[in-house]
Amino acid sequence: MSSGNLDYTWHLRTLMAARGMFSTSDLRAPLAQRGVELSTSQVYRLVVERPERISIKTLVALMDILDCRMEELIEPVTSVRERRQRAAGGSDTGSVGDFRPKRARINRTDH
């Protein structure tokens, strides 16, 4: 993985399901028991969406509740753009115009 364009996959929903937690409300009480008070909508967004920011306290509470390691919850990956470029063998310097097809030149030869 390069140091340039890092991204991540958020596995909270998958880990919850693997532990028999199928509703976002299943997290609210265990979080509160660990001192993390979140509203119903905040817990919903935490589960359904990929968070851009998360407090360390919330992260540690989730790892404790789900009995998992951080790398199971947050999987570092290269960005989608970088993966596409690698697959195409390209670099980040090209623009959309560089990928347009070139006009074919047809030469007539009369037999």
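The buried residues of helix H4 pack against S1, H1, H2, H3, helix H5 (70-73) and strand S2 (74-78). The model is a predicted one. In the chain there are six helices and two strands, and along the sequence they follow the pattern β-α-α-α-α-α-β-α. Of the 111 residues in the chain, 27% are buried. Among contacts with a separation of 6 or more, 65% join residues 24 or more positions apart.

- The buried residues in H4 are Thr58, Leu59, Ala61, Leu62, Met63, Ile65 and Leu66.
- An α-helix has 3.6 residues a turn, so residues three or four places apart point the same way.
- The largest nonpolar core has 21 residues, of which Leu12, Leu27, Leu31, Leu62, Leu66 and Leu73 touch the most other members.
- Two or more residues of this core come from each of strand S1 (6-10), helix H1 (12-18), helix H2 (25-33), helix H3 (40-48) and helix H4 (56-66).
- H4 gives the largest share of this core, six residues.
- Leucine 62, not counting residues up to four places away in sequence, touches Trp10, Leu12, Leu27, Leu31, Leu46, Ile54 and Leu73.

**The residue after H4**

- Aspartate 67 follows H4 and lies in the loop between H4 and H5.
- The phi of aspartate 67 is near 50°, which is a positive value in a residue other than glycine.
- Most residues other than glycine have a negative phi.
- Aspartate 67 counts as exposed because its relative accessibility is 68%, and the cut-off for exposed is over 50%.

**Two buried loop residues**

- Threonine 24 is in the loop between H1 and H2.
- The relative accessible area of threonine 24 is 18%, so this residue is buried; the cut-off for buried is under 20%.
- Which residues does threonine 24 contact, leaving aside its neighbours within four places in sequence? They are Met16, Val43, Tyr44, Val47 and Val48.
- Leucine 38 lies in another stretch, the loop between H2 and H3.
- Leucine 38 counts as buried because its relative accessibility is 18%.
- Not counting residues up to four places away in sequence, leucine 38 touches Arg28, Leu31, Val43 and Leu46.
- Between leucine 38 and arginine 28 the C-alpha to C-alpha distance is 6.9 Å, and the two are ten residues apart in sequence.

**Salt bridges**

- How many salt bridges does a search of the whole structure find? The search finds five.
- One of them joins the side chains of arginine 50 and glutamate 52, at 3.5 Å from N to O.
- Arginine 50 is partly exposed, at 36% relative accessibility, whereas glutamate 52 is exposed, at 61% relative accessible area.
- A network of salt bridges links Asp7, Arg50 and Glu52.
- Arginine 69 meets glutamate 71 in a salt bridge of 2.7 Å, N to O.
- Arginine 69 also forms a salt bridge with glutamate 72, where the closest N and O atoms are 3.8 Å apart.
- Glutamate 71 has a relative accessible area of 47%, so it is partly exposed.
- Glutamate 72 has a relative accessible area of 29%, which means that this residue too is partly exposed.

**The largest pocket**

- The largest pocket holds about 230 Å³ of space.
- Rolling a probe the size of a water molecule over the atoms shows where empty space is left.
- The residues that line the largest pocket are Leu38, Gln42, Arg45, Leu46, Glu49, Arg50, Pro51, Glu52, Arg53, Ile54, Ser55 and Thr58.
- By class, four residues of this lining are nonpolar, three are polar and five are charged.
- H3 gives the largest share of the lining, three residues.

Technical notes. Residues numbered from 1 in each chain as written. Predicted model: local features only at pLDDT ≥ 70, side-chain atom pairs only at ≥ 80, totals over all residues. Heavy atoms only, no water. Core = buried A, V, L, I, M, F, W, Y, C linked by side-chain atoms within 4.5 Å. Buried < 20%, exposed > 50% of the residue type's maximum accessible area, 1.4 Å probe, protein only. Helix = DSSP H or I, 4+ residues; strand = E, 2+ residues; numbered from the N terminus. Contact = heavy atoms within 4.5 Å. Salt bridge = Lys/Arg side-chain N within 4 Å of Asp/Glu carboxyl O. 1 Å grid on protein atoms, 1.4 Å probe; cavity = no way out; pocket = protein on both sides within 12 Å on 5 of 7 lines; lining within 4 Å. Points joined across faces, edges and corners; volume = space filled by probe spheres on them. Nonpolar A, V, L, I, M, F, W, Y, C, P; charged D, E, K, R; others polar.
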